[in-house]
Amino acid sequence: MTVLTGRLSVLRFSLHWPSVRGRARADTGPLILSALVVALVSLLAGAVPGLMRDTADAAVRDAVRQAGPSADVTVQARWEPDDFTSDGSPGRMRMSHLAADLADLRGRSLEQLSPDLRAALRPPVASVITPTLRFTDGSVLRTFRMAYLDGGDSPKVEWIDGSAPPATVDGEADVPYNGPPWRVRVGLSESAAASSGVRPGALLQVRDERGATKNVQVSGIFRPVDRNDPAWRLAPWLLDPAADADGAGTTRFGGLLTAESLPDARLAFKPDELRRIVTFSPDPSVITWETAHGIAATAITLKATSATSSSLDTAPTWNTQLDAVLRDVTEQVSAARVQASVLLFAVIAGAVLILALAASLLGRRRSAALALARQRGAALPVLGAELLLESGLVTLVAAALGCAGAYLVTGGVAVWWVAPVVLAAAAAGPAYGIIAAASATRDRRVPANRSARRWLRHTAALRRAAAEIAVLLAATAAVVSLFQRGPAPGLPALAPTLAAVAASLLLLRLLPLVTGLVLHRLLRSRRPLAVFGAAQAAASAGRALPVLALVTSAVLAVFALTLGATVQQGLIDGARETVGADARIDITDEASGTTAEVAARIAAQPGVTSVSTAQVIDGARIIADEALVPSRLIIRSGGVSDPSVPALVRSSSGQLRPGMSLELRRDDEPPVRLTASGVAPVVSGAEEIVIVDAAALAAAGVESAPNTIWVNGPGTESAVTGAGALLRSEVLRDRRAAPLVNGLLWLSWASAALLVLLGLAGFALAAAAGAPQRWQTLSRLRTLGLTPRDARRVATGELVPWALATAVGGIMAGAALTALFSALELRLLTGQEADPAVVWPWLGLAVVAALFVAAVPVVVRFEAVARRRRQLAEVLRVGGQ
Amino acid sequence: MVRIRGVHRRFGQVHALRGVSFDVPAGSMVALVGRSGSGKTTLLNVVGGLDRPDEGTVEVDGAEVTGLDEDGLSRLRREKVSYVFQTFGLIPVLSAAENVGAPLRLARMPAADREKRVALLLDLVGLGEHARQRPGELSGGQQQRVAIARALASSPRLLIADEPTGQLDAETGRSVMALLRAVVESEQVTALVSTHDPVMMALADRVVRISDGQVSE
Ligand SMILES: Nc1ncnc2c1ncn2[C@@H]1O[C@H](COP(=O)(O)OP(=O)(O)OP(=O)(O)O)[C@@H](O)[C@H]1O
Ligand SMILES: [Mg+2]
């Protein structure tokens with residue numbers, strides 16, 4: 001401790017405070033610019049990782065919520081067989097303990113869950129739901145289902161009229177096969193009773209799909225104690241009649257069973273028509289991005305170890321799509337996080353280069369003063385400490401502001417992302433200052449010895465080539481790893497940034513060649529201004545840092561801008577792919593007979609330009625090369641008939657190829673031969689696709705029943721209201737509003753804007769660094785008779801190559817970088833089947849190019865105005881500016 | 001050739017020129033001498049139109065320099081007056097030949113003529129071998145010779161040189177001065193040269209002494 005304070009006091013004694021203050025005051029411009037860069041980039045880099053983590057959790061929850069019942073974890077178990085009687089006569093046994101069995105299954109299932117999965121799931125609800133019945137009275141299509149729900153001691157109901165459904169007979173009883181339909185007693189909800197006008201005691205006129213009548217009596221009218229009880233989620237139609245649940249234009253009524261009437265309900269149906277299911281709904285609020293992987297893994301093990309659904313014993317079968325839902329969303333989230341870090345790396349790289357440029361400008365401006373200080377006896381370490389004090393102070397204040405902002409936004413700061421910028425900002429100033437001081441006091445004369453001179457030149461060239469090769473190798477490695485590993489954190493995420501730096505290095509090599517060539521041509525021309533401008537440009541074209549900083553920021557800005565535009569268009573295309581039209585109506589099997597009628601009704605609405613229908617069958621059994629390829633079969637209605645049943649195919653596994661002969665397997669009917677005649681369009685949500693024409697299929701003896709309607713036209717939305725349609729505009733709105741997509745789009749626009757600003761700042765800094773030399777030369781040219789206006793033109797001529805290199809090189813290299821898009825798997829974000837095609841933001845690119853080109857006259861005007869009041873004599877006297 | 005009448009120049013409190021008047025006859029070489037800070041550079045700048053006097057007039061070849069605007073001054077420098085500076089004032093990014101050719105480019109002389117004249121001038125100052133070298137690759141004396149060649153390129157009427165030998169060693173300085181004297185003869189220009197060097201004074205047709213901003217002869 002004493003050693004440390006001792007050292008500090010030594011330092012304090014030798015630091016020369018007035019020069020520290022004086023230097024800072026003389027160079028407020030570059031210092032403030034650096035501080036601004038540090039503050040802005042710390043804000044972004046400090047906040048985004050936290051935002052991405054929050055967004056990741058939100059996305060996981062969103063996905064679970066959106067998945068709805070398909071994310072439920074369910075347990076199915078067959079009932080104990082009841083096809084026996086106490087006296088051995090043909091018949092079934094009424095089993096009075098069914099509800100207790102179910103409660104037991106529920107309890108056992110809960111015990112089987114591992115703790116992590118149990119924590120992510122809500123308490124189980126056991127349910128028994130009957131097949132759909134139809135009311136035989138009335139012209140409107142009304143359907144009826146009965147359900148028994150058991151979530152422990154929920155859902156609770158209050159009987160407001162009549163009584164809870166009692167047992168039809170008490171205890172066990174033999175039921176002969178040939179007896180009349182067994183009576184079931186149910187309760188109706190208040191709203192169902194009101195809308196159907198049914199009173200307790202009424203018999204419901206219902207039949208099953210084979211036309212067999214059922215004996216269902218209403219015993220009472222109930223009112224739920226808590227309408228929001230999660231148990232109701234499994235059969236919401238028990239509470240209120242549900243429109244369109246069984247197809248467009250249908251209304252489903254529900255009848256509530258009790259533990260007493262459940263055994264009677266079983267007897268009213270065939271032995272295996274009633275299924276008992278225990279449902280665990282995931283609780284989105286407790287699932288996070290971090291726990292998602294574990295939960296998915298547990299769900300997979302659970303499914304793998306459970307009995308298969310076809311087994312005949314009563315062992316429970318576990319089922320869930322939760323693992324798939326979580327896998328999809330975590331895949332999407334990790335891709336998005338990498339995509340975000342790609343953008344952050346880009347911004348940080350741009351910032352580091354600009355900070356280095358600002359520091360080199362400071363070093364240049366101060367080299368005379370620093371050399372003087374050294375001659376007065378100040379040691380290099382002391383000068384370094386003075387400069388470190390200045391840069392450290394500026395950096396810390398700026399970074400603190402940025403981090404405070406990030407903290408306010410996200411409640412945390414991603415320190416590791418802020419660190420590179422802070423380090424670069426703090427270290428670059430002292431480093432360039434010391435280099436300037438050291439080289440100003442060193443004997444700068446080139447060695448007289450010719451071979452010594454050549455050796456110096458060679459080592460410098462070698463060093464530069466080595467650095468370039470290192471960057472090139474790193475960029476290649478990063479790009480290769482990006483293509484091999486996809487959007488993974490680490491090296492792959494650095495690929496675009498490293499590639500941009502490599503492209504800038506290439507341009508840095510090219511620029512002197514081009515300016516040299518231009519100068520060579522102009523020397524033969526008769527335009528003196530162009531010659532002087534080109535000569536100046538040729539001299540400054542080789543300045544590495546300005547070219548690197550400018551071009552890299554421009555390349556990455558173009559990359560970010562194009563990324564944003566591509567994702568934005570991809571979302572639009574993805575929504576179209578998902579829906580297939582402006583709206584799509586999926587009709588359930590029960591109501592597929594109504595498809596044509598509904599389609600005709602919609603087609604008659606104003607503003608509907610096209611309506612098409614088809615039968616879509618997922619998991620159709622297609623046989624190709626004697627292997628089963630479960631495919632999505634699309635039977636298009638309308639079109640020419642063709643006896644060979646041509647089919648369009650698309651296959652992600654490659655098993656379905658045009659030219660193949662295929663077979664469509666059917667239950668209880670001979671298979672149909674198909675000829676794969678062409679390639680099907682991309683269809684969202686299916687990997688193997690077969691499209692056939694309905695008429696051709698009909699000619700081959702297969703009748704189809706369309707179950708899907710696609711609607712297009714400006715009037716689509718109003719035309720399909722109430723038909724349970726999936727609207728493209730809604731899909732698009734939902735996806736755009738999804739936190740992940742929204743966040744990434746925002747980040748790409750913000751990065752693009754920040755990188756353009758960094759590039760413009762870099763341009764100003766680069767121009768400022770060259771300004772003394774430029775205007776000294778211009779003053780000298782003016783003593784030869786150059787007019788002030790022509791002097792400005794020559795200055796413009798000097799700066800234009802940088803601006804053009806930045807604008808043109810930036811856009812071209814940025815465009816080349818979009819080849820990396822395919823490895824970033826943007827489709828995960830846009831909801832498309834294939835990665836989106838690159839979309840060029842022409843307007844944005846034009847604005848970027850225009851900004852860099854327009855910066856030239858602005859900078860020249862500014863420099864000229866700053867020097868306007870000085871007489872040429874004065875300018876020449878002070879050696880220069 | 002040059003008529004200076006009652007020129008005053010003040011820099012804030014400093015009264016650098018206090019009523020300077022004298023003439024420089026055409027074709028002559030006038031040496032301007034005086035202690036450091038006496039106002040030599042200030043006077044030369046005013047004469048050449050690089051600076052403006054607070055009072056008084058300067059005429060060069062019949063044109064009143066003090067009444068010209070920026071464009072007029074640019075034309076004056078292009079056509080009639082050229083300078084040689086103590087610090088040479090060459091353009092670092094151009095070769096020696098291009099430096100000499102720069103005024104000719106500004107005058108839009110055809111390339112063939114220009115190249116011929118540049119070669120001639122470089123030979124005149126003894127640097128025909130060094131035409132392609134840049135100023136940074138030349139010695140101080142060589143740079144000043146290039147500057148003299150450049151000053152002569154556009155065949156000016158008046159050559160203004162401010163301590164042209166100030167940064168050179170005695171030997172080199174003397175040769176540069178001899179060169180200056182020779183070209184004044186051969187190129188028929190009028191020269192106004194400030195110097196501390198007695199040798200230069202000896203070479204001049206006339207010596208004007210200046211002290212404290214006044215001609216003291
Ligand atoms: N731009 C200016 N601002 C203030 N004072 C000036 C300026 N230019 C010249 N001076 C002052 O004017 C006076 C004359 O300066 P000038 O450069 O003409 O002297 P000089 O005779 O050329 O000296 P030297 O032989 O050292 O070159 C000096 O006192 C100088 O400080
Ligand atoms: Mg002087």
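**View 1. The hairpin of strands E1 and E2 in chain B of this predicted model.** Strands E1(B) and E2(B) form a hairpin in which 2 residues lie between them, and B:Gly12, in the turn, has a positive phi of about 60 degrees. The two strands run antiparallel and are joined by 8 bridges. One residue pair to look for is B:Arg10, whose bridge partner in E2(B) is B:His15.

**View 2. The open sheet of 6 strands in chain B, with helix H1 packed on it.** Here the strand order is E6-E7-E8-E3-E9-E10 (chain B), and the pairing is mixed. Strand E6 (81-84) and strand E10 (214-215) of chain B are at the edges and have a single partner strand each, so one side of each is left without a neighbour in the sheet. Strand E3 (residues 29-33) of chain B pairs with strand E9 (residues 206-211) of chain B in the parallel sense, over 4 bridges, and B:Ala31 has B:Val207 in E9(B) as its bridge partner. Helix H1 (residues 40-48) of chain B packs on this sheet, where it touches E3, E6, strand E7 (158-162), strand E8 (190-194) and E9 of chain B. The direction of H1 makes about 155 degrees with that of E7(B).

**View 3. The packing of helices H20 and H24 in chain A.** Helix H20 (residues 739-783) of chain A packs against helix H24 (residues 842-867) of chain A at an angle of about 35 degrees, and their axes are 10 Å apart. The crossing in which H20(A) passes H24(A) is right-handed. Among the residues that meet are A:Leu760, A:Phe763 and A:Trp775 in H20(A), and A:Phe852, A:Val856 and A:Glu863 in H24(A). Sorted by class, the contact of H20(A) with H24(A) has 16 nonpolar, 1 polar and 3 charged residues.

**View 4. The interface of chain A and chain B.** In this interface, 26 residues of chain A are in contact with 29 residues of chain B. The size of an interface is often given as the accessible area lost when the parts come together. Chain A and chain B bury about 2,500 Å² between them, and 59% of that area is on carbon and sulfur atoms. On the side of chain A, the residues that lose the most area to chain B are A:Arg526, A:Arg780 and A:Leu784, which together make up 23% of what that side buries.

**View 5. The salt bridge between chain A and chain B.** Across this interface the rule finds 1 salt bridge. A:Arg782 forms a salt bridge with B:Glu70, and the closest N and O atoms of the pair are 2.6 Å apart.

Notes. Residues numbered from 1 in each chain as written. Chains lettered and ligands numbered in written order. Predicted model: local features only at pLDDT ≥ 70, side-chain atom pairs only at ≥ 80, totals over all residues. Heavy atoms only, no water. Axes fitted to C-alpha atoms, helices over the stretch in contact; angles between N-to-C directions. Left-handed = near helix turned anticlockwise from the far one by under 90°. Contact = heavy atoms within 4.5 Å. Nonpolar A, V, L, I, M, F, W, Y, C, P; charged D, E, K, R; others polar. Pairing = 2+ DSSP bridges. Buried area = accessible area lost by both parts, 1.4 Å probe. Salt bridge = Lys/Arg side-chain N within 4 Å of Asp/Glu carboxyl O.
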